[in-house]
Amino acid sequence: MEMTEVTGVSLKRGSVAVEDNDRVAPAEEAKRQKILDHCLTKSQSELEHVSPPSGVNVPEPPEAVSAREGTKNSDVQLEEEEEEEEDGLSEEGEEEEEAESFADMMKHGLTELDVGITKFVSSHQGFSGILKERYSDFVVHEIGKDGRISHLDDLSVPVDEEDPTEDVFTVLTAEEKQRLEELQLFKNKETSVAIEVIEDTKEKRTIIHQAIKSLFPGLETKTEDREGKKYIVAYHAAGKKALANPRKHSWPKSRGSYCHFVLYKENKDTMDAINVLSKYLRVKPNIFSYMGTKDKRAITVQEIAVLKITAQRLAHLNKCLMNFKLGNFSYQKNPLKLGELQGNHFTVVLRNITGTDEQVQQAMNSLKEIGFINYYGMQRFGTTAVPTYQVGRAILQNSWTEVMDLILKPRSGAEKGYLVKCREEWAKTKDPAAALRKLPVKSYQSYVWNNMVSKRIEEYGLRPVPGDLVLKGATATYVDEEDVNNYSIHDVVMPLPGFDVIYPKHKISEAYREMLTADNLDIDNMRHKIRDYSLSGAYRKIIIRPQNVSWEVVAYDDPKIPLFNTDVDNLEGKQPPVFASEGKYRALKMDFSLPPSTYATMAIREVLKMDTSIKNQTQLNTTWLR
């Protein structure tokens, strides 16, 4: 095993381009609008577009799994920060800016060197390739707690005699739906909405009752006679709480309370997807649950659960939404929980590679046999002039003037991301504690960890040494001279700084102390007077070896053609692409599985030997910005 250091990136070795796939071509926009108009007219015409409502409160992912308070070195677990279940150079769900302003912003961005990412484990010569020339070149399939990889391969709806007929989606007019939604969401002073039953029959009245109750959770209905005419009257049954808590009596007792389904989405992050689904279903986002979040700039497949919404209703959304598909429906007793997943499986295409077949073989064999350094990826630290770790450090230092300066002082490229979330929370709640919780205090721990693991590898290489830390069960212990041969580098962990972790018993322990001291922090006192900012610490493996690694080099001529089938392609019966023996371009198609809280971009970095920062990519290849 050889370890190399990155001292600079040449134009020949790292030209990674990212195409702005968020802007929709006019023809695509027209097609989307036509389908959307049709769906809204048929079933939900009161909605004007599918963008998620602003200010919707979606449950936040949990913090890292960390040491319990009070007992040093007791039952400490590897961190599992599910806020970043997979990655791929996403911009954290931010809206895209015009090319020139984005390029200008990136002049102030971070490089890998700025956040401690400096080492490689392999000795092969790096080569260039284009990552995410198309967002469909990056596909993520969630690995569930049972170890199975999630796939969308069944769009059928479970047969249930309790389900209403498909007529519930068309029996109400657009105007009636508008009035019912306003009633449901308390948007007017009406206490009820009366709908006249035309062509009155018992069957027709039943369908209207079912339509209102299923499409507008929280509303109840009754039949009234008014001047010789029949009316279905909708009204609130349980106040505003009914919107978030669907009626208990309307759900069959024999059926599990949660409908689980596989969500296939393109170019949308998980939060945006749930906001769109909840808006169409007219429910609060917090009735959805999931095991991990997925980024925007990719095609992702994951399991979702929703409380007391039928598979029939969910399947109907397939007719109305673009870039989404829902399927593999089942009813279960329990929701999903963050962190229950085992990881994610990635299919990645690196287009227009320059490496020889021998270089590719060496790179991929190293990834398969040794792995990559488990650095926190660049998106962990933001993309603007104010790195997230600087804000976190200022919070830990109780330097509130600096915190406010970093947040509020106008800076080029700093008006995005977590800063906006902080301001929005303050504007909405005027709660300073809630606003501060939007700030990335734990990014400082990630910054320290990256720097320390680089020093550890520089000092001791890719072998365990006495004084290293390993986990026995959930407890961190030291490697002794007599048992050092019982471990490999893949067993070694290093701590994120905190009050309830232990540090290595070699030179790197002093390096931790020196770094925190330089930042005016006391490594022996990581408790904070604001409890949310007390850092207990956690442990993280320093080398990750991907599982299920496979690869293929293919030749192609058209840079716009897909190089593999997605789940939707397979459902639609599309034949997989056929490659010629020779072509204008070559691409590397990679498949691999990673555990939670690891960064696929760091694995790709190890293969290409390149700086993955957006700043560097912009400098190396700016053609995509024009």
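V193 stands opposite A234, a residue of β7. The model is predicted, and its chain has 626 residues, of which 55% are buried. The secondary structure amounts to 17 helices and 20 strands.

- Strands β5, β7 and β6 form an open sheet of 3 strands in the order β5-β7-β6, and the pairing is antiparallel.
- The edges are taken by β5 (192-196) and β6 (219-226); each has a single partner strand, so one side of each has no neighbour in the sheet.
- From one strand to the next, the twist averages 25°.
- β5 and β7 (residues 229-236) run antiparallel and are joined by 5 bridges.

**Helices on the sheet**

- Helix α3 (residues 174-184) packs on this sheet and touches β5, β6 and β7. The direction of α3 makes about 160° with that of β5.
- Helix α4 (residues 202-215) also lies across β5, β6 and β7. Relative to β6, α4 runs at about 150°.

**The α13 and α14 pair**

- Helix α13 (residues 443-460) packs with α14 at an angle of about 145°, and the axes are 10 Å apart.
- The crossing of these two helices, α13 and α14, is right-handed.
- On the α13 side, the contact is made by Y444, Y447, V448, W449, N451, M452, K455, R456, E459 and Y460. On the α14 side, K507, I508, A511, Y512, M515 and L516 take part.
- Sorted by class, the contact between α13 and α14 has 11 nonpolar, 4 charged and 1 polar residues.

- Most residues other than glycine have a negative phi.
- K308, which is not a glycine, has a positive phi of about 55°. K308 sits in the loop between β10 (299-307) and α7 (311-316).
- The relative accessible area of K308 is 17%, so K308 counts as buried, the cut-off being under 20%.
- N520 is also a residue other than glycine with a positive phi, near 60°. The loop that holds N520 runs between α14 (507-518) and β17 (538-541).
- With a relative accessible area of 63%, N520 is exposed, since exposed means over 50%.

- Of the contacts between residues at least 6 apart in sequence, 82% join residues at least 24 apart.
- The chain exposes about 28,100 Å², and 47% of that area is supplied by carbon and sulfur atoms.

Methods:
Residues numbered from 1 in each chain as written. Predicted model: local features only at pLDDT ≥ 70, side-chain atom pairs only at ≥ 80, totals over all residues. Heavy atoms only, no water. Helix = DSSP H or I, 4+ residues; strand = E, 2+ residues; numbered from the N terminus. Buried < 20%, exposed > 50% of the residue type's maximum accessible area, 1.4 Å probe, protein only. Contact = heavy atoms within 4.5 Å. Areas by Shrake-Rupley, 256 points an atom, 1.4 Å probe, with all protein chains shown as cover. Axes fitted to C-alpha atoms, helices over the stretch in contact; angles between N-to-C directions. Left-handed = near helix turned anticlockwise from the far one by under 90°. Nonpolar A, V, L, I, M, F, W, Y, C, P; charged D, E, K, R; others polar. Pairing = 2+ DSSP bridges.
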